[in-house]
Amino acid sequence: MDTVLNVEPGLLIWTLINFGIFLILLIAFGTKPIMKGLRAREESIQSNIDGAQKANEEAKALLEESQNKLSNAQVEMAEIIKKGREQAEALIGKATDEADAIKRQKVEDATKEIERSKMDAIKELRGEVADLVVKATEKILDENLDKDKHYKLVESYIEKLPKN
C-alpha cells in the first residue's frame with residue numbers, strides 16, 4: 001500500500017508532460033473534427049425540430065380541415081334529412097289527395113248509381129201502378145177496355161204527379 005500512496009516526482013512530471021502533449025495533439029488535430037461533428041449533430045437536431053414543427057403544423061391543418069369537412073358533412077347530412085322529410089311529406093300529401101279524389105269519385109259514382117236505381121224503380125213503380133189501375137178499372141167496369149189507350153191515359157196522369 002505504501003507504493004500506491006507514495007508519489008514519485010519523476011513519474012508525476014512525465015505523466016504531466018504526456019498529458020500536456022496529448023492535450024496539445026487533441027486540440028491541434030481533434031478540435032475541428034469534434035466541432036464539425038457537434039455542429040452536424042446540432043444541425044441534425046435542429047432540422048429534426050424544424051421537421052417536427054412542420055409536421056405538427058401540417059397535422060393541425062389536417063385536423064382543422066377534417067373538422068371542417070366533418071361539420072360540412074353534418075350540415076349536408078342534416079340538409080339531406082330535411083329534404084327527405086320534405087319529399088316524404090309531399091308524397092304523403094299527394095297520396096292523401098289522390099285517396100281523397102278517389103273517395104270523392106267513388107261517392108259520386110255511388111250517388112249516380114243510387115239516383116239511376118231510384119229513377120229505374122220509380123219508372124218500374126209507375127208501370128206497375130198503371131197496370132194495377134188498368135186492371136182495377138177493368139174489374140170495376142167489368143169489361144176489357146182498350147189496354148194501350150188507357151195505359152197511355154194513366155201514364156199521363158202519373159207524369160203529372162210529383163217525382164219524389
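Glu113 is partly exposed, its relative accessible area being 38% (buried is under 20%, exposed over 50%, partly exposed in between, with a 1.4 Å probe and protein chains only). The model is predicted, so local features need pLDDT of at least 70 and side-chain atom pairs count only at pLDDT 80 or more, while totals for chains, interfaces and linings use all residues. Residues are numbered from 1 along each chain as its sequence is written, and side-chain values use heavy atoms, without hydrogens and water.

**Exercise 1.** State the confidence of the chain and of its elements.

Solution. Step one: pLDDT is the predictor's confidence in each residue, from 0 to 100. The chain averages 86, and 90% of the residues score at least 70. Helices are DSSP runs of H or I with at least four residues, numbered from the N terminus. Where pLDDT is low, the predicted coordinates should not be read in detail.

**Exercise 2.** Find the salt bridges and describe their partners.

Solution. Step one: the criterion is a side-chain nitrogen of Lys or Arg within 4 Å of a carboxyl oxygen of Asp or Glu. Two salt bridges are present in the structure. Step two: Arg116 pairs with Glu113, with 1.9 Å between the closest N and O atoms. Both lie in helix H2, three residues apart, about one turn of the helix. Arg116 is partly exposed at 45%. Step three: Lys69 and Glu65 form a salt bridge at 3.3 Å, N to O. They also lie in helix H2, four residues apart, about one turn. Lys69 is exposed at 54%, whereas Glu65 is partly exposed at 37%.

**Exercise 3.** Locate the surface patches.

Solution. Step one: patch residues have over 30% relative accessible area and no salt bridge; like charges are joined within 9 Å, nonpolar side chains (Val, Leu, Ile, Met, Phe, Trp, Tyr) within 5 Å. Accessible areas follow the Shrake-Rupley method with a 1.4 Å probe; for residues, only the protein chains shown count as cover. Step two: Phe19, Phe22, Leu23, Leu26, Ile27, Ile34, Met35 and Leu38 form a nonpolar patch with about 780 Å² of accessible area together. Phe22 sits in helix H2 (residues 9-141) and counts as exposed at 51%. Step three: Asp120, Glu124, Glu128 and Asp131 gather in a negative patch (Asp and Glu count as negative, Lys and Arg as positive; His and the chain ends are not counted). The charge is placed at CG of Asp or CD of Glu. Asp120 is in helix H2 and is partly exposed at 45%.

Definitions and conventions. Helices (H or I, at least four residues) and strands (E, at least two) are DSSP runs, numbered from the N terminus.
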